[in-house]
Amino acid sequence: MRGNHPPPGVSAAPVPSPLAPHSPRLSRTPRSQLEPPARAAALSARRPRDPPRAPPRPTMAAFAGAASGFRLVGHRQPPATLYTPAAKLFLSAAASRPPDAQTVAERLRAQKRDAKEEPVPANPVQRIVRDLKRSTQALQRVHPNVLAKVLSQGLLHQDKDLVVINKPYGVPVHGGPGVQLCISDVLPILAKRLRGHKAEPLHLCHRLDKETTGVMVLAWEKEIAHQVQELFKTRQVAKKYWAITVHVPTPAAGVVDIPIMEKEVQGQQRHHKMTLSPSYRTDNNGRVVKVRPCHQAHLAVTQYHVLSYAPSSALVELQPITGVKHQLRVHLSFGLDCPILGDHKYSDWNRLAPQKLSLGTLKKLGLQQSKARHIPLHLHARQLVLPALGSRKEDLSLVCKLPRFFVRSLSRLGLAIPSKDQKDEEGAGHLGAR
């Protein structure tokens with residue numbers, strides 16, 4: 001029949017038996033055999049040849065078999081080749097477990113420490129400047145988790161209502177233009193470190209200046225925070241600050257009661273500063289007369305007491321009765337002519353420049369005037385006394401130890417801490433360590 005004959009050039013393959021394990025498929029005659037010999041030769045010359053195949057790489061099983069002294073069948077390898085030495089090294093490396101996260105973190109920390117290690121400067125002035133930078137700039141550009149860890153390790157007090165921290169130098173309380181890290185940003189992280197991952201963020205109860213260190217109160221509940229803020233507004237919280245001043249206040253104890261207002265400083269560097277707005281002045285005849293108070297001025301009262309003094313500096317205890325912006329710095333600099341050491345803003349009214357110090361003070365500090373800009377502000381929130389609040393039926397006295405740079409400056413300037421306060425300093429150090 002017509003359909004039973006194969007087309008020309010195609011050979012019929014035998015019908016496979018159903019009992020055969022492998023049934024061959026229908027094979028066709030190559031195209032080169034169907035075409036003329038010349039065309040087939042040309043086509044075969046044009047076709048690119050496949051590159052030679054590389055021998056397959058031995059697998060893990062091949063290495064394992066070679067290591068045990070046996071050759072695996074089915075792998076293309078020379079009959080007399082054994083991989084015993086190489087296989088032992090490969091198996092030992094494969095059998096070792098990869099390093100865990102803690103090991104990797106320790107290696108990275110070691111690498112960072114090695115990278116940050118700098119040679120010790122031979123110049124003593126440069127060594128002092130380096131120490132000042134380390135003690136004041138250590139926490140200004142760190143990760144929020146690092147700052148939260150430092151704050152949790154230096155807690156001054158913690159109960160079910162309040163958390164009291166030791167605010168470090170150079171870290172602002174609130175964010176703003178150019179602020180990379182602030183205390184308010186790490187409050188959720190700090191709360192989780194203290195009470196677990198389900199803890200609600202802590203709340204601020206008051207604020208401190210960026211350059212001020214010391215006691216700072218936080219609250220767990222927003223309602224408790226409002227109650228503490230009301231205590232600060234109604235002046236029921238007793239506050240004590242310590243400051244190192246340039247010059248010695250005269251008299252050694254007293255009260256500065258001069259209103260403060262903000263003014264714009266005219267000149268090449270136009271800027272704003274807080275300044276005094278006195279209610280009295282001296283007329284041409286030398287009589288003290290009262291002047292009309294400025295409606296922009298704020299009532300400001302500061303009580304001070306000299307704890308220790310040297311020929312050109314003093315350790316002063318300050319108790320602000322009111323809470324005006326930069327009140328302590330303005331009263332000391334413009335009211336008593338004793339600016340705080342490291343106060344580069346209020347040491348001179350007309351300009352913003354590093355604080356000018358006497359040769360005697362610079363010699364004691366081991367610095368030059370060109371390096372005075374590195375001196376930090378020596379103002380520390382030493383103590384807070386909170387009245388009874390909530391379930392607490394008695395006052396809460398909180399004392400914070402001095403920062404390291406503050407203690408070094410006291411030693412270099414020859415200023416001693418009173419014996420009574422020295423005991424509080426040691427107790428505050430133990431509390432901060434816990």
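Helix 6 has Val125, Ile128, Val129, Arg130, Leu132 and Thr136 as buried residues; buried means under 20% relative accessible area, exposed means over 50%, and partly exposed lies in between, computed with a 1.4 Å probe on protein chains only. The model is predicted, and local features need pLDDT of at least 70, side-chain atom pairs count only at pLDDT 80 or more, while totals for chains, interfaces and linings use all residues. Residues are numbered from 1 along each chain as its sequence is written, and side-chain values use heavy atoms, with hydrogens and water left out. The chain contains 13 helices and 14 strands, taken as DSSP runs numbered from the N terminus (helices are H or I with at least four residues, strands are E with at least two).

**Whole chain**

- Of the 434 residues in the chain, 36% count as buried.
- Contact means heavy atoms within 4.5 Å. Among contacts between residues at least 6 apart in sequence, 62% join residues at least 24 apart.
- A search of the whole structure gives 0 disulfides, where a disulfide is a pair of cysteine sulfur atoms within 2.5 Å.

**Helix 6**

- Helix 6 covers residues 124–137, which is 14 residues.
- From first C-alpha to last, helix 6 reaches 20 Å, close to the 20 Å expected at 1.5 Å a residue; the expected span is 1.5 Å times one less than the number of residues.
- The buried residues of helix 6 pack against helix 11 and helix 12, the latter being residues 404–413.

**Aromatic pairs**

- The structure has 3 aromatic pairs. Rings of Phe, Tyr and Trp (its six-membered ring) pair if their centres lie within 6.5 Å, and planes under 30 degrees apart count as stacked, over 60 as edge-to-face and the rest as tilted.
- Phe334 and Tyr346 have ring centres 6.0 Å apart and planes at 70°, so this pair is edge-to-face.
- Phe334 belongs to helix 10 (residues 327–335) and Tyr346 to the loop between helix 10 and helix 11 (359–365), so the pair ties together parts 12 residues apart in sequence.
- Tyr346 is buried at 0% relative accessibility, whereas Phe334 is partly exposed at 25%.
- Phe334 also pairs with Trp349: the ring centres are 6.0 Å apart and the planes stand at 80°, so this pair is edge-to-face too.
- This second pair links Phe334 in helix 10 to Trp349 in the loop between helix 10 and helix 11, 15 residues apart.
- Trp349 is partly exposed, with 26% relative accessibility.
- Through ring pairs, Phe334, Tyr346 and Trp349 form a cluster.

**Charges over rings**

- Arg195 lies over the face of Trp220, 3.8 Å from the ring centre; a charge sits over a ring if NZ of Lys or CZ of Arg is within 6 Å of the ring centre and within 35 degrees of the ring normal.
- Arg382 has its charged end over the ring of Trp242, at 4.3 Å from the centre.

- The side chains of Asp343 and Arg329 make a polar contact at 2.8 Å. A polar contact is a pair of N or O atoms within 3.5 Å; within protein, one must be able to donate a hydrogen and the other to accept it, and residues adjacent in sequence count only if both atoms are side-chain atoms.
- Leaving aside neighbours within four places in sequence, Asp343 is in contact with Arg329, Gln355 and Leu377.
- Gly342 lies in the loop between helix 10 and helix 11 and is buried at 7% relative accessibility.
- Not counting residues up to four places away in sequence, Gly342 touches Gln355, Ile375, Pro376 and Leu377.
- Gly342 and Leu377 are 35 residues apart in sequence, with 4.2 Å from C-alpha to C-alpha.

**Leu187 in helix 8**

- Leu187 lies in helix 8, residues 183–195, and is buried at a relative accessible area of 5%.
- Leu187 touches Pro201, Leu202, His203, Leu204 and Leu218, with residues up to four places away in sequence not counted.
- The C-alpha atoms of Leu187 and Pro201 are separated by 5.7 Å, with the two residues 14 apart along the chain.
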